[in-house]
Number of protein chains: 2
Amino acid sequence: MTSGPERDNPERAYVRAHLDDLHADLDAWLRIPSISADPVHASDVAASAEWLAEALRRTGFPVVEIWPTAGAPAVFAEWRSADADAPVALVYGHHDVQPVDPPERWVHPPFEPTRVEGPDGPELHARGAIDDKGNVAFHLLGMRAHLAATGRDTPAVTVKLLVEGEEESGSPHFADLLRARADRLACDVVVVSDTGMAAPDVPSAVTAMRGLADAEITLRGPAVDLHSGSFGGAVPNPLHAMAHLLSKLHDEHGRVTLPGFYDKVRPLCDRERELMRRVPFDERAWLAGPAASRVASGEEGFTTLERIGARPTAEVNGMCGGYTGPGHKTIIPAEAHAKLTFRLVSDQRPEDVGPQLRAWVAANVPPGIEAEVHTPPGGVAPCASDLDSPAMGALLRAIGQAFDTDPGDVLFTREGGSGPEADLVEVLGAPLLFLGAGLPTDRIHSPNERVLLPMLHRGAEAAAHLWRELATTRLR
Amino acid sequence: MTSGPERDNPERAYVRAHLDDLHADLDAWLRIPSISADPVHASDVAASAEWLAEALRRTGFPVVEIWPTAGAPAVFAEWRSADADAPVALVYGHHDVQPVDPPERWVHPPFEPTRVEGPDGPELHARGAIDDKGNVAFHLLGMRAHLAATGRDTPAVTVKLLVEGEEESGSPHFADLLRARADRLACDVVVVSDTGMAAPDVPSAVTAMRGLADAEITLRGPAVDLHSGSFGGAVPNPLHAMAHLLSKLHDEHGRVTLPGFYDKVRPLCDRERELMRRVPFDERAWLAGPAASRVASGEEGFTTLERIGARPTAEVNGMCGGYTGPGHKTIIPAEAHAKLTFRLVSDQRPEDVGPQLRAWVAANVPPGIEAEVHTPPGGVAPCASDLDSPAMGALLRAIGQAFDTDPGDVLFTREGGSGPEADLVEVLGAPLLFLGAGLPTDRIHSPNERVLLPMLHRGAEAAAHLWRELATTRLR
């Protein structure tokens, strides 16, 4: 990673001089095991919200509130610009973290942040180091750098933060919260800080996230588990049926076979494909990582980066049926189950997946087997930034300054994962920007999650630049 | 069920006069929960052996021994015929029972034998009522009826019994026991009493049992469970691979696709098919039973009875992988597992299945997925009776007498299940006969197992006839 001069970059000078503050804040916050999926940790999630509220007050935010929800609390903060007509930016992040299992796979205890010298610089290892406490924490220093560098008492744009506590549990109350607090959250642009960049030395901006639809398929055959000696070979076996059904989920070209699944998919235009091709990506190294795969697979006619970022998918996440304990039980089971998720891209809608899946199952389930398809309401819509908007221009300039790069050289990437970002667009009616300091190698959701500290410093600096750049951008 | 005159059938007269003894014995024995699969019940299995030993002594057997094994004990008894050169028959059965789960599905407590009036006569409901305590218990009364009817002090043939305690756990120590005690067990014919007949009013004899080979397939993809947002659509998913693999286990004609699987299968000759066709079988009613199926399925070109009795099969008994708890976890799992059993017919060998399965998996596993196939040593060989042997003639006459039927009208059936009977043939070198009082509707291995008492009475009578008939049969 390059380190340009600080002379013409007072934001960078301030960040560099105050790294210890950022590190101390993050260290303290990461010690709170705010696992939202585990009810045992509910008080930790509450403590995490309290910690963040206190840190925001200490940073200088005049308005800091903890907003209860039907689940875990969110933190809201607001620092109004003294400038009349200054644009309003809303930072979105979350203060809850993923579970840590399997705990034995962690080299360092997940809630004892540990500094490790890595090949790309110092790393901090802890659950939540980047997802998402690191990405939220850099805004504390970023705001102070913005004020110091510009010599202002209030930010050049009004900055709001909404940091929820249930993102890792599917944000079940987030849309309700947005609707209930829409007035307080009104903004001209949303800055999502829950993503990352392509590589340590590659300034880049996420431009889209995939949506998500869950489904569960149950296949039923015999009334009870049958003795496979007395019945085997003569009655339908739900496990055979499930294998047959799921083997048809993709065609020979790797395309999902649900009827109508691709109807609303926006085709990738040449410019987007060219932009994605510019993203440095060592496919061999990527496959050799946690995927441990010798081969790329997936939809024909698309690159791996396109497959994971820009194309919809169907994945079986879990499957069970019959006897799965030690030894053998010679049964034809009564039932088989599979859990699936579909990743969606613009302009697919999660609510379309249920009817498509039901039609597909009905057409493909073998005779003698009853199928039940459960698709929970909700799901996550895909979302995307406008590549040519003035706000995107401000973001690219801010990132370019933090990386000493021409804004035109900041690359665009796509995030294969899904979050509640589409709700922000829908309820608040504001466009999305993505500014995050994560890396594909940060092991989010896995043991030994880490943040590369130089990336975190770049994030703080980019945030400081962004508030200044947005102030001179026509957003309305 | 017909009830012929007792005048010319002193065995029947004795059985009818002593039904209360049989009922009292069975009631007492069924109260002992001798579940061999559950270590908690080890003392019950031992108590069951003790009960049987005491009952055999009470019946008059001069030699009764409990034979310990590395697992549960077996019971051995012997009553030598006073006649020089009398043939030797060995009765095989077992005194352990299947587990009872799910217990809430039992109408009457499984170890409180309960008499129920059914459409075909009185039934006794309890775990083990027919499998196999009922089938063993009828020999106690059968032996006394034989002696009383023939006016003998010793049976007309030497009768040995070997009643093992681990059949429902796969008889893991049975072959060793046979080899260690081969001298004591020497015999001219084995009478297996662990099967049944086609229907209450249909005298029939089992002529074959299927063999069994177990296997477990593990498919491995990523090194760890992967985030399906970050990797979904671009790396091989072991659950997709398992679905693809298992969807190929049978071809479009319902035939198992393992290479060489059918090579040693003895073709069904016209006479056997004709004999099987004579067995009354209400396919619609059978399918509507526990199978709860509206359709028959399986290998093309064979009837349902042939499919479950005379043809080999492959069944997936269990499958698991990925996240199967409540809600959803958006992963591509590292592994997928499947448990399979293959039912075999003469002259297939269980030890051939492992190499066949390995070759099949290697040829069919998708790229990027590693497969591991585990086939435990052992397995169960298929076995069959000689339809034209003198011993079979004696059995048919005995069954015919018990059912007031011409021996030529006793039907032949095949048992789709598997037991250690092949070991008896191999170690003792004696041919097999099958005499059992079960019915396909007895719900063995399921909740509400029962025995139809008139069938049990027929069993006792047929056993008594059999000892007399075998005495005049050339077996050596």
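These legends describe close-up views of a predicted model.

**View 1. Helices H2 and H15 of chain B cross at roughly 110°.** H2(B) covers residues 19-30, and H15(B) covers residues 453-471. Their axes come within 11 Å. Angles of 65 to 115 degrees count as roughly perpendicular, and H2(B) and H15(B) are therefore roughly perpendicular to each other. The crossing is right-handed.

**View 2. Side by side: the residues that join H2(B) to H15(B).** H2(B) contributes B:Leu19, B:Leu22, B:His23 and B:Leu26. From H15(B) come B:Leu453, B:Leu456 and B:His457. By class, this contact has 5 nonpolar and 2 polar residues. No charged residues take part.

**View 3. A:Phe261 and A:Phe342 form a tilted aromatic pair.** A search of the whole structure finds 16 aromatic pairs over all chains; this is one of them. The ring centres are 5.9 Å apart, with 55° between the planes. A:Phe261 lies in the loop between helix H8 (238-247) and helix H9 (270-278) of chain A. A:Phe342 sits in strand S13 (residues 335-344) of chain A. The pair therefore ties together parts that are 81 residues apart in sequence.

**View 4. Both partners of the A:Phe261 and A:Phe342 pair are buried.** Buried means under 20% relative accessible area. A:Phe261 has a relative accessible area of 2%, so this residue counts as buried. A:Phe342 has a value of 0% and is therefore buried too.

**View 5. An aromatic cluster includes residues of chains A and B.** Ring pairs link A:Phe231, B:Phe281 and B:Trp286. Chain A supplies A:Phe231, and chain B supplies B:Phe281 and B:Trp286.

Key: Residues are numbered from 1 along each chain as its sequence is written. Chains are lettered from A and ligands numbered from 1 in the order in which they are written. This is a predicted model: local features need pLDDT of at least 70, side-chain atom pairs count only at pLDDT 80 or more; totals for chains, interfaces and linings use all residues. Side-chain values use heavy atoms; hydrogens and water are left out. Axes are lines fitted to C-alpha atoms, for helices over the stretch in contact, and angles run from 0 to 180 degrees between N-to-C directions. Helices (H or I, at least four residues) and strands (E, at least two) are DSSP runs, numbered from the N terminus. Angles under 35 degrees count as roughly parallel, over 145 as roughly antiparallel, 65 to 115 as roughly perpendicular and the rest as oblique. A crossing is left-handed if the near helix is turned anticlockwise from the far one by less than a right angle, and right-handed if clockwise. Contact means heavy atoms within 4.5 Å. Ala, Val, Leu, Ile, Met, Phe, Trp, Tyr, Cys and Pro count as nonpolar, Asp, Glu, Lys and Arg as charged, and the others, Gly among them, as polar. Rings of Phe, Tyr and Trp (its six-membered ring) pair if their centres lie within 6.5 Å; planes under 30 degrees apart count as stacked, over 60 as edge-to-face and the rest as tilted. Buried means under 20% relative accessible area, exposed over 50%, partly exposed in between (1.4 Å probe, protein chains only).
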